[in-house]
Structure formats: structure tokens, C-alpha cells
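Welcome! Please take a moment with the sequence and the model below, and then we can walk through a few of its features together.

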Amino acid sequence: MKTQSIVSIDNLSKQEILDLLRDAEWFEQHPNHKILDGKVIATLFFEPSTRTRLSFETAVNRLGGRVIGFSDPAATSTSKGETLKDTIKMVSNYVDLIIMRHYLEGAAQYATEVTEVPVINAGDGAHQHPSQTMLDLYSIYKTQGRLDDITVTMVGDLKYGRTVHSLLQALSHFRVKFRFIACDELRMPREFISFCEQHGIDYEETTEFSPATISDTDILYMTRVQRERFADLSEYERVKDLYNLNNAMLAGTRENLRILHPLPRVNEIHVDVDDNPKAYYFQQAKNGLFARQAMICKCLGINPKDAASK
Ligand code: CP
């Protein structure tokens, strides 16, 4: 197998997505095989993270690889004016794979253009977050038993939310009906609405978040209004509290409904939802470990089962 970068979820075909889900399932059963022995992997986080960085690093550690990198660019030569290009070229001298989060849209794609080392995009601005998408797909598959014939309701910041953009594109391979719930300021961007129309994807948009608009939903995908994406903080203040889920709203929902959230949350899911069996966001974050183990192996050109059997 060849090495490859994953910058956007549309770098992956439907078959590759299904193969990664199968590998994630395998890693959930076998998370500690030392198949990355001798590999060094860089995690370069130019933006804050808890889950993505720690689960990627755990994934490497559990597979016997080594991690170098940073979580605070202020402690690197970036703060002395070193360019992203030079940073990537330098780090490429030391590692087999680069996992990078950056606040600029397109930064991960740019990184692939200045290095031969494969790159995984761990989030670039409001653009893409493909490893989040793989763990979201794995969570949907685990909880629903399928990816076809489901209704997915996305709520909150659909404008800046890179996770909803990536997930929408990934689910376009399957028969999924979408409902987009957002205020006018945070609507799903026109390009993704056009994407639905071009691909014959069934969708509806509404500003109303109520028991009625989630009663036929299988996956309720809540998102945080991302303060860090707003140029005008008064606009953030106006929209930040519009969509909040509480336990009472779940009374009439489907038995199989599961609530996902990429996390972190602020106040969009009340803590009284946490003990509801339909709350799945913490397990979802755990699934990130297995999905990311699968992605790391794919990007390094390693077939996990073959490598484990050697
Ligand atoms: N979901 C997600 O990307 O979380 P972090 O920002 O904590 O990595």
C-alpha cells in the first residue's frame, strides 16, 4: 500500500471510507498491537485541541509509535517568524507522518504541497475535519447498524462548523435525509446547499428547534457556536444561546435516536441530557481513538491486520 494524505473527506472514496470503518472496528477489538514500531509521527497543533490531539497521540502510543510535536505554536520558532512552509519542511526531516491543525482554511492542503511526507488534516479553519468525520461515521454505524436510510438533523453553527461540512460530504455516499437547523446568520453555506442539490440529497432547512423538528430523527448532531470564528463578537453574542437541547425535548424522540456532538460543548446540550441513554457524545469521542488508528495506518500504507499478524 502507498502512503497518502487525507486533507478533506472527499479525498476518500466510498469504498475507502467503508474500509476505514472496518479497520476502526478491528482496532476497537485490538487497540494495542505494536504495528507502528519504529515510526515517528508529528502532531502540529496551531490551534487549541483536547480530543483530536490526545486521541491521535494515544492512537500512536497504543500502536507502538513515537510522537513529537507541539500544542502551542507560541513555544516554537513560528513565534520568531518562521513560515508554515519552513516549519513543515523542517518537521518532514524527522517524521513519517504529519498530523496538523491550523486556523487557516487550506493550510493542510498547502502542507501537502511542500512535503512528501503524508499529512492528516486535524482541522483547518472552518473548512474540513476529516478524522472527526470518520469517528462520526463510525459512531453512526455503531449506533444505527447502518449508514443508509437514516435522518440526520444538524443543529447550531452550520456556517463555520467544519465537522458538519465534512460529515455532509461523507454521508452523500449513503441514502441520508438531512435537516439543517440554524438561525439565518449561521445557515448551512450556499456551497453545501448546492452540493445537496447537485447530488440529489434530500434536505430541509428550518430555524425552529423543537420536539417536533427532532421527532423523526435518528442522529441529532449538535454543534457549538464557535466564538473564535466570529470577526464581530456582537454577532456572536446575539446567536450564541439560540439552540440549546435539554432532556425534556427528548421525550417524544425515536428509541434509536443518538445525540452526537464533536465537543467541546458550551451550553448547547444541557448537562441533564448526559444521563439519557440517547446521549452518545462521550462514547463518540472514544470512538475517535479507533477511527484515528485506522487513518494513521492508511496514511502510512500499512494494512493493520497484515502488520499485526507478522
Ligand atoms: N472535536 C474536536 O475537534 O475537539 P478538539 O477541538 O478538542 O480537538
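**A buried helix and some paired rings**

Let us begin with helix H6, where Arg-162, Thr-163, Val-164, His-165, Ser-166, Leu-167, Leu-168, Gln-169, Ala-170 and Leu-171 are buried. Buried means under 20% relative accessible area, exposed means over 50%, and partly exposed lies in between (1.4 Å probe, protein chains only). Helices (H or I, at least four residues) and strands (E, at least two) are DSSP runs, numbered from the N terminus. Because 10 of the 10 residues of H6 (residues 162–171) are buried, this helix is largely enclosed by the rest of the structure.

A word on the source: this is a predicted model, in which local features need pLDDT of at least 70, side-chain atom pairs count only at pLDDT 80 or more, and totals for chains, interfaces and linings use all residues. Residues are numbered from 1 along each chain as its sequence is written, and side-chain values use heavy atoms, leaving out hydrogens and water.

Now for the rings. Searching the whole structure gives eight aromatic pairs. Rings of Phe, Tyr and Trp (its six-membered ring) pair if their centres lie within 6.5 Å; planes under 30 degrees apart count as stacked, over 60 as edge-to-face and the rest as tilted. One of the pairs is Phe-46 with Phe-70, edge-to-face at 5.2 Å centre to centre and 90° between the planes. This pair links distant parts of the chain, 24 residues apart: Phe-46 is in the loop between strand E1 (40–45) and helix H2 (51–62), and Phe-70 is in strand E2 (residues 66–70). Both Phe-46 and Phe-70 are buried.
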